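Welcome to my notebook. Please have the model open while you read, and follow along entry by entry.

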Amino acid sequence: MRTMVDEHTPPVVAVVVAAGLGTRFGGPVPKQVTSLTGKAVVAVAVESLAAGGCDEVVVVVKEGMHNHLQLALAASPIPVHFVTGGDTRQDSVRNGLRYIADDEHLGRATTVLIHDAVRPLVPAYIVEDVIDAVEAGAVAVTPVVEVTDTIRQIDGEGSRVIDRSALRAVQTPQGFDRVVITECHEQLSRDGGTVTDDISCCERYGHRATLVEGSRMALKITEPVDLDIAEVLAKAAAGAGHHSGRRVGRMLRAVTPSNVADKLGHGGKE
Ligand SMILES: Nc1ccn([C@@H]2O[C@H](COP(=O)(O)OP(=O)(O)OP(=O)(O)O)[C@@H](O)[C@H]2O)c(=O)n1
Ligand SMILES: C[C@](O)(CO)[C@H](O)COP(=O)(O)O
């Protein structure tokens, strides 16, 4: 946890990528601004980052969506900056990092987080853990969770089960030394490479990934059912009491489908 924060302390800045099309989610309302417990998904994501220690956010927005996002984030607890995104997530991240580098105040940041707008419920303690790891000297940090399904790999012949014990699913926010991730993204752009997350971008240029424990709470809203699950988890979190992000987050490690159903009075059965 950061102590002694004053006007001389470099801000911890988060890039929140919110410029996707939401093709798999579909529907009339873009998923980044759809309602989760009465607030826009992106607004909940920014609140989670603020609760975990981020000082300012750069929200990367699709062309034509600035007004929607400004409205959705009007009550943000921390200052919000807006920048236009690109055709891919990678392009959107790069635009956010360039905005930070070009801004006199934000450019003082040494620690930057990169977060999906559509992972709104990430517990504050995970945001803190990521920041702490970067501030302790790690260059590229990501939360991960164990894979709980049996995984099959498809090949030309058919398919086979692969050992899941060594697999981890990668979440956000990912945390970085700001200069390193900015240079890696610029180099990747010059090289014409593609990555699906920002840790991979750093690794490509020889930097080591540091893993911290993630949480099922940080699920990504990709398909409509994910929003339903997020609603249930958000209600369970509210029921657990919001005294401390760390405490509530750790309690929610124990959340399973059956005890969420209990909390909601469903008794674990339909
Ligand atoms: N050009 C893009 C593509 C994605 N994103 C953001 O990256 C995050 C993770 O992407 P994903 O869940 O794949 O969202 P979409 O790209 O919107 O979904 P889809 O692939 O279904 O269109 C989202 O917050 C999304 O808004 C972005 O800022 N710019
Ligand atoms: C960055 C990410 O959230 C890590 O799991 C994920 O890769 C983004 O989703 P996408 O479908 O690859 O854009």
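**Entry: helix α4**

I looked up which residues of α4 are buried, and found Ala 124, Tyr 125, Ile 126, Val 127, Glu 128, Val 130, Ile 131, Ala 133 and Val 134. Buried means under 20% relative accessible area, exposed means over 50%, and partly exposed is in between, with a 1.4 Å probe and protein chains only. Helices are DSSP runs of H or I with at least four residues, strands are runs of E with at least two, and both are numbered from the N terminus. Because nine of the twelve residues of α4 are buried, I note this helix as largely enclosed by the rest of the structure.

Next I checked the span of α4, residues 124–135: from first C-alpha to last it reaches 16 Å, close to the 16 Å expected at 1.5 Å a residue. The expected span is 1.5 Å times one less than the number of residues. Just after α4, I found Gly 137 with a positive phi of about 120 degrees.

**Entry: ground rules**

This is a predicted model, in which local features need pLDDT of at least 70 and side-chain atom pairs count only at pLDDT 80 or more, while totals for chains, interfaces and linings use all residues. Residues are numbered from 1 along each chain as its sequence is written, chains are lettered from A and ligands numbered from 1 in the order in which they are written, and side-chain values use heavy atoms, with hydrogens and water left out.

**Entry: helix α1**

Nine of its eleven residues are buried, so α1 is largely enclosed by the rest of the structure. I listed the buried ones as Val 41, Val 42, Ala 43, Val 44, Ala 45, Val 46, Ser 48, Leu 49 and Ala 50.

**Entry: ligand 1**

A polar backbone atom of Val 17 is 2.7 Å from an oxygen atom of ligand 1. For the side chain of Lys 31, I found an N or O atom 3.1 Å from an oxygen atom of ligand 1. The side chain of Ser 92 has an N or O atom 2.7 Å from a nitrogen atom of the ligand. On its own ligand 1 has 570 Å² of accessible area, and the protein covers 87% of that. These areas come from the Shrake-Rupley method with a 1.4 Å probe; for residues, only the protein chains shown count as cover.

**Entry: ligand 2 and Asp 116**

Around ligand 2 I found Arg 24, Arg 89, Asp 116, Arg 119, Val 170, Thr 172, Thr 196, Asp 197 and Lys 220. A polar side-chain atom of Asp 116 lies 2.5 Å from an oxygen atom of ligand 2. A backbone N or O atom of Thr 196 is 3.1 Å from a ligand oxygen, and for a polar side-chain atom of Lys 220 I noted 3.4 Å to a ligand oxygen. Taken alone ligand 2 exposes 350 Å², of which the protein buries 74%.

Is Asp 116 buried or exposed? At 9% relative accessibility, Asp 116 counts as buried. Its side chain also joins that of Arg 89 in a polar contact of 2.9 Å.

**Entry: two loops**

In the loop between β10 (168–170) and β11 (174–177) I stopped at Gln 171. Gln 171 is buried, with a relative accessible area of 5%. A polar atom of its side chain lies 2.8 Å from the backbone oxygen of Ser 215. Pro 173 is also placed in the loop between β10 and β11, and the peptide bond from Thr 172 to Pro 173 is cis, with omega near 10 degrees.

My last stop was Thr 37, in the loop between β2 (35–36) and β3 (39–40). Its phi is near 50 degrees, a positive value in a residue other than glycine. Thr 37 is partly exposed, at 42% relative accessible area.

Terms used
A residue is near a molecule or strand if one of its heavy atoms lies within 4 Å of it. A polar contact is a pair of N or O atoms within 3.5 Å; within protein, one must be able to donate a hydrogen and the other to accept it, and residues adjacent in sequence count only if both atoms are side-chain atoms.
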